[in-house]
Amino acid sequence: MYLWLKLLAFGFAFLDTEVFVTGQSPTPSPTGLTTAKMPSVPLSSDPLPTHTTAFSPASTFERENDFSETTTSLSPDNTSTQVSPDSLDNASAFNTTGVSSVQTPHLPTHADSQTPSAGTDTQTFSGSAANAKLNPTPGSNAISDAYLNASETTTLSPSGSAVISTTTIATTPSKPTCDEKYANITVDYLYNKETKLFTAKLNVNENVECGNNTCTNNEVHNLTECKNASVSISHNSCTAPDKTLILDVPPGVEKFQLHDCTQVEKADTTICLKWKNIETFTCDTQNITYRFQCGNMIFDNKEIKLENLEPEHEYKCDSEILYNNHKFTNASKIIKTDFGSPGEPQIIFCRSEAAHQGVITWNPPQRSFHNFTLCYIKETEKDCLNLDKNLIKYDLQNLKPYTKYVLSLHAYIIAKVQRNGSAAMCHFTTKSAPPSQVWNMTVSMTSDNSMHVKCRPPRDRNGPHERYHLEVEAGNTLVRNESHKNCDFRVKDLQYSTDYTFKAYFHNGDYPGEPFILHHSTS
């Protein structure tokens, strides 16, 4: 009986040759009935298959023999429908890959005849049979058809039901070679000042392996300056051939020094930086390049000069040295420009207060400064004096009367050098004062009653005008009073045998000078 059932189930599986040969659902019959694919029931130990096959109505044979199965619709959340009645334990099953199976009728056994009809396995099919379609699981990403291969497997369960399972195979893209993957690898060199050796840091995202050197966390250690080392780089994400990297080790870091080459006279508005080689080495200097970045400015030079900067400002410059385009040392400098020249003070007034005095007042400049310098010039003479930074007024003493003075006032600051600010200028003329005495006066007789009086101009006129006066007295009586532009007087018609007093002096228009007095007698 058991063998008969197996043979009968095998025969039904091949009733529809169209399904067996082409793997397609059969065409509808004239009566409108369609034979559909049967879902298979996997063994309890098998994983649930994934498929999206819809099912057609029950066949004529099933209806006539009161066979029915009920299956839930297939959806992404219910990827297979499984019906496994307990009454069929000995039904045979077989798999057909890539072939759709016809509906196999449920064959009752002797045990089934003893089971109430309520326990009979039933399955209801959908109205039409659809070809299998691969859908992504909800929540998963859609997979490109180029990387997926799908196959269907139809299995007869012990109950005689058929379950169609779909197997998906993902195809992985081929790996690049390590030589391609790490073609543009960069290296940074780290220097140990104690051991005088370098460590090469490989700039990669994963921990690579080094075939002919020891790599620790992508670092190759104990490299000697100006020597070459070959490193074979590999990783499980790439295939042979490996990347062969030649490490051309740079010279020692202590052989270079970043020097401030700014001239002190220009340090308020200029910065100069220069790399100096302070020791010799055997590396090729043609392979050494230098780079500076100061703010937004970038320079590829060994020496840079920044001009037209603001005084008393900090500027940061970062610099690095590369050997064969691999950085091996760097330095940063924060440079503050020197104090700039102070601004110009604002003079409020400067004027003469008297013949020997003058005054000047001012407002200080805005920029930093230490003190003032006040200079006053008369003719070709120049006198200067330092004034305290807190002063805003100065009285000048011991000036020369009726003299033009040019005043110059500037602030200064002591920095790397002394920087003088712009000078504010003013001038005034002192007031008049009595002139000094004429000198080298002479009185000589030109006749018995005539005299010739001469003198030299005073050393200090001290006024705006120039006039010489001669007064002639006999006793206490003024007998002559003459005024000339020059000190040259001819006095005639005097009394004979009379003693005369001659007084000569200079008058500057404001004040008379002290007279020069001589006595002389006529014959």
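Q: What does buried mean here, and why is Phe-506 called buried?
A: Buried means under 20% relative accessible area. This is a predicted model, and in it Phe-506 has a relative accessible area of 0%, so Phe-506 is buried.

Q: Why is Tyr-468 counted as buried too?
A: The relative accessibility of Tyr-468 is 2%. The cut-off is under 20%, so Tyr-468 passes as buried.

Q: What makes the pair of Tyr-468 and Phe-506 edge-to-face?
A: Two values decide this. The ring centres of Tyr-468 and Phe-506 are 5.1 Å apart, and rings pair if their centres lie within 6.5 Å. The planes meet at 70°, and angles over 60 count as edge-to-face, so that is the name for this pair.

Q: Why can we say that Tyr-468 and Phe-506 tie together parts of the chain?
A: Tyr-468 belongs to strand E27 (residues 467–474), while Phe-506 belongs to strand E30 (residues 499–507), so the pair joins parts that are 38 residues apart in sequence.

Q: How many aromatic pairs does a search of the whole structure find?
A: The search finds eleven aromatic pairs. One of them is made by Tyr-405 and Phe-428.

Q: What makes the pair of Tyr-405 and Phe-428 tilted?
A: The rings are 6.1 Å centre to centre, which is within 6.5 Å, so they pair. Their planes are 35° apart; stacked needs under 30 and edge-to-face needs over 60, so this pair is called tilted.

Q: How do you know whether Tyr-405 and Phe-428 are buried or exposed?
A: Tyr-405 has a relative accessible area of 2%, so it is buried. Phe-428 has 6%, also under 20%, so Phe-428 is buried as well.

Q: Why is the link between Cys-226 and Cys-283 called a disulfide?
A: Their sulfur atoms are 1.9 Å apart, and the limit is within 2.5 Å, so the pair counts as a disulfide. The torsion about the S-S bond is about -115°, so this disulfide is left-handed. Cys-226 sits in the loop between strand E7 (219–223) and strand E8 (228–234), and Cys-283 in the loop between strand E11 (271–277) and strand E12 (288–294), so the link ties together parts 57 residues apart in sequence.

Q: What makes the disulfide of Cys-261 and Cys-272 left-handed?
A: The torsion about its S-S bond is about -80°, so the disulfide is left-handed. Cys-261 lies in the loop between strand E10 (256–260) and E11, and Cys-272 in strand E11, so the pair ties together parts eleven residues apart in sequence. Cys-272 is buried, with a relative accessible area of 3%.

Q: Which hand does the link of Cys-455 and Cys-487 have?
A: With 115° about the S-S bond, the link of Cys-455 and Cys-487 is right-handed. Both Cys-455 and Cys-487 are buried.

Q: What makes the charge of Arg-351 count as sitting over the ring of Phe-349?
A: The charged end of Arg-351 is 4.2 Å from the centre of the Phe-349 ring.

Terms used
Residues numbered from 1 in each chain as written. Predicted model: local features only at pLDDT ≥ 70, side-chain atom pairs only at ≥ 80, totals over all residues. Heavy atoms only, no water. Helix = DSSP H or I, 4+ residues; strand = E, 2+ residues; numbered from the N terminus. Buried < 20%, exposed > 50% of the residue type's maximum accessible area, 1.4 Å probe, protein only. Phe/Tyr/Trp six-rings, centres within 6.5 Å; stacked < 30°, edge-to-face > 60°. Lys NZ or Arg CZ within 6 Å of the ring centre and 35° of its normal.
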